[in-house]
Amino acid sequence: MIPRNRLRPALFGCALISLLLFAGMLLVRTYGSTSSSRTYVVFLVNVMLVVSLQTFIGNSGIVSFGHVAFMGIGAYMTALVTILSTVKAAQLPDLPSVLGNANLGLVPAIVVSALAALIVAAVFGGAIIRMTESTMAMATLALLVMVHTFFQNATTYTRGAVGLAGIPVRTTIEAATLAAMLFLLISRLYKESGPGLRLRATREDPLSAASVGTHVVRTRYGVWLLSAAMMGAAGSLWAQSVIAFNANQFYFSITFALLAMLVVGGRTSLTGAVAGAAIVTFLTDTLARVEQGVAIGPWELPKITGTVQFVIAFLIIITLILRPEGIFDRWEIDDLVRRLGPLARRARRADLVEAEAVAAAAPVRGPDALGSAASVLRGVQVAKHFEGVRALAGVDIDVRPGEILGLIGPNGSGKTTLLNVISGVYAPSEGHIVFRDQEIIGKEPHQVAGLGLARTFQSIRLFAQLTVRENVEAALPPGTNAGRVDGVLSWFGLEAAEGEKAVNLPYGMQRRLEIARAVVRRPSLILLDEPAAGMNEAESDELLENIQRIRSSLDCSVVVVDHDLRLIMKLCDRIQVLDQGRTIALGLPREIAEDPAVIAAYLGGPSKKSA
Amino acid sequence: MSPSEFVQQLVNALSLGSIYALLALGLSMVYGVLGMLNFAYGELVTITGYSMLAATYAGMPFVVVALIGVLAAGISSVLMELVAFRPIRNASFVSLLFTSFAVAQLVQGAFRQAVSVRARGIPVPEFFDEAIQLGPVRISVLSIITAGIGAISLVALTTFIRQSRSGLAMRAASSDFTTARLMGVRANRVISLAFLISGLLAGIAGVLWIARTTSVNPTTGFVPVIQAFIASVIGGLGNLRGAVLGGLFLGTLEVFLQALLPGSLLPYAQASSLLIVVAILYVRPQGLFGARVETV
């Protein structure tokens, strides 16, 4: 599932943090007082809660104010199935007997709580997860308000603001330590898994994630369910550490505290989440003591209240100004250790040797793989109108197997619109497009990508904060051999930079990476939107070789849009010229160069370049 | 529900809806220019409330009290942007959201410390409680005043945005901020103006809200602004006309749910209206009137 080059550091990182948590537990148990051990449990429970929330926010990039609702559901579920029957009967006389008689242990209670949260998440998530990012943040807020209203008023089950009491304390310091380690492990494994990587790709750029075959909504729904179940389980452990609670505890103050932990530590890093939990927990604890009134020598400080809220709010604002991505930014503890030690360099070399062997053994598709010699892509009378503007006024396009088709035309002639319609970004107003014998009108970008179409974008759209290797891996179709990634990286001269974040690459490499990301899918058709933009002659010659090599070694067809006529004339088998949303010429490069209509519309008179 | 009851409830719906509409408009305006959801927006309503409280203690007549309330929100809004949001203006959507969340907590905490957790009463003119008999229909004066002031503010603001030069700059900035700057629109001025107008809207809505509740506490602004957030989402975030319609829609929904739900379900009126909204968004994720769409 998870490639070794990501699994090993992930496990190493989890082990390091677990070791710290474990050492902390031993210290507190051996030397600490009862109250410090209680604080440590609070910290560990906070770790579980914030790790659950981080799994959603950190990987998807979407803010949720609603996850505390799942914590509440987990906590109530646990209270209902663990409080002694007689105690329950006194507090909740109208409770149905199934719940009234239930008396579960620690683990079954956690499982039931996680399931309850999962079910509620499944119901509401269906609506929430389809929205755009900022709308979703608001919808999760609505979810919190709704669930909170329910907690307050469904007194048969919750006793509202009065609350429930008598939950057996089973979240011991040992149990909490173990559980926190498990939460970390689950979250980290998810982050490094295929779905986790693809989700992080949608965080960076949803459209280009879809164009490499990721079903954005389904990927987000998956993490929504996972994080809700984790939150439910964490709520269960929380309930079993506090004895009593009421409806008002699952509202804004805890949401605020959890978000503060994420902001301070770094919301895209699990290590940061743990650090944030530590800082906020111990700050809260210290301030709570101060609020009780502290004697410093002969002076006694007056009792004050509400300082926690203040201090945390200041902490958030200061962090966001000084270090907007939090203390740990996007780094995990193993990234930091790796930068210091030679440990992973050795590991990486071993991986490379292995990968080269895999790449060499990978079958290269033969020319007959495409079956018939019919068109790979055929569009008939494709039209697209934008509020009265006819961007495409009925264009036919026909791409043959193994062909490189150039698409040229003046600005606004409809080239990019045509690519967007073919790749499913826009639904056409009229016309049909058949790709590999399937009608693709009405299909979403990720579905079209799934059929074997890959593309690049006019303005580069990489997954900016992911590494070069992760960019390519995120595009790899699920279930394919990860060795293919290495082959593609070395093909495009990117292997030396594989650990670098895409955003830090020089321009030419970013262009190459975008093509590499398309190529790793082994598509039957690649659409390149102005790949030579901003390149000098030498770079564009190198690009030409690369495109020819893509065609010959993948046996795929290529559609290239570009303004670099020298490149187009040298590279393409046929050229189609668009003007004002219509095809004005189609033919061999030589024919196009001499076509009077093209010269009039596009070249604006006889041109030296076209000779 | 009899026809006369229906008319009464309709006026109530317009009155509550226009408060939501004002707030949703203020939120949408800032979202349009900065792409930012201002979570501390509710605190402007709270600030209005406490300014009114202070002015009342100073013995001023209600009209002056109300004006002070509106101005206080406008000024606080501009200050909030200067102090908290400007230093991180180019930060991500999420960072801005978190900052505003923290500002909200700071302001709430400040009132908790400086005044009290408990609600303080604010006296309003007695005729607010009276009702006018129009044939078979009894309509409360406050509802008429609220709906009226809401309508006047909305018309005035629309005229300002459509007719004035500053309004044009704001519309330009809201459709494409980078380009608008290149065309000579001064970023700081437009942003300050957006926060000023958005703050004044919160102030007007705040006065109307306080007139209904006749008291203020540190979390006064919370309920109406949650509703306004939801209203702007129904309307399509960043869509100003949508925000107004969304506010009116949500107000109507809430008033009629209050009137129609049986007594045992009354505590769930707000939750039910949210549920209906989520259902609507399920069918139309872009909101009823369409959000701004990112182009490829």
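Biologist: To begin with, what is the mean pLDDT of chain B, and what share of its residues reach 70 or more?
Modeller: Bearing in mind that this is a predicted model, the mean pLDDT of chain B is 86, with 98% of its residues at 70 or more. As a whole, the model scores ipTM 0.86 and pTM 0.86.

Biologist: Which elements of chain B have the lowest and the highest mean pLDDT?
Modeller: Among the elements of chain B, helix H7 (residues 177–182) has the lowest mean, 75, whereas helix H2 (residues 41–57) has the highest, 95. I would also point to residues 292–296 of chain B, where pLDDT stays under 50 and for which the model has five contacts beyond four places in sequence.

Biologist: Ok, on to the interface. How many residues of chain B are in contact with chain A?
Modeller: On the chain B side there are 37, in contact with 34 residues of chain A. Helices H4 (93–114), H9 (222–235) and H11 (269–283) of chain B each supply at least two residues of that side, and H4(B) gives the most, with 13 residues.

Biologist: And how does the side of chain B that touches chain A divide into nonpolar, polar and charged?
Modeller: Its residues divide into 30 nonpolar, six polar and one charged.

Biologist: Staying in chain B, how do H1 and H10 cross?
Modeller: The axes of helix H1 (residues 3–34) and helix H10 (residues 240–260) of chain B come within 6 Å and cross at roughly 145°, and the crossing of H1(B) and H10(B) is right-handed. The residues of this contact of H1(B) with H10(B) are 16 nonpolar, ten polar and one charged.

Biologist: Switching to chain A, what is the strand order in the open sheet of six strands?
Modeller: The order is S8-S9-S10-S5-S11-S12 in chain A, with mixed pairing. Strands S8 (453–455) and S12 (582–587) of chain A each have a single partner strand, so one side of each is left without a neighbour in the sheet. Neighbouring strands of this sheet are turned by 20° against each other on average, direction ignored.

Biologist: In what sense do S5 and S11 of chain A pair?
Modeller: Strand S5 (residues 404–408) and strand S11 (residues 574–579) of chain A pair in the parallel sense over four bridges, and Leu407(A) stands opposite Gln576(A) in S11(A).

Biologist: Which strands does H23 of chain A touch?
Modeller: Helix H23 (residues 537–554) of chain A packs on the sheet and touches S5, S9 and S10 of chain A, its direction making about 155° with that of S10(A).

How values were computed. Residues numbered from 1 in each chain as written. Chains lettered and ligands numbered in written order. Predicted model: local features only at pLDDT ≥ 70, side-chain atom pairs only at ≥ 80, totals over all residues. Pairing = 2+ DSSP bridges. Axes fitted to C-alpha atoms, helices over the stretch in contact; angles between N-to-C directions. Contact = placed C-beta atoms within 7 Å. Left-handed = near helix turned anticlockwise from the far one by under 90°. Nonpolar A, V, L, I, M, F, W, Y, C, P; charged D, E, K, R; others polar. pLDDT = per-residue confidence, 0-100.
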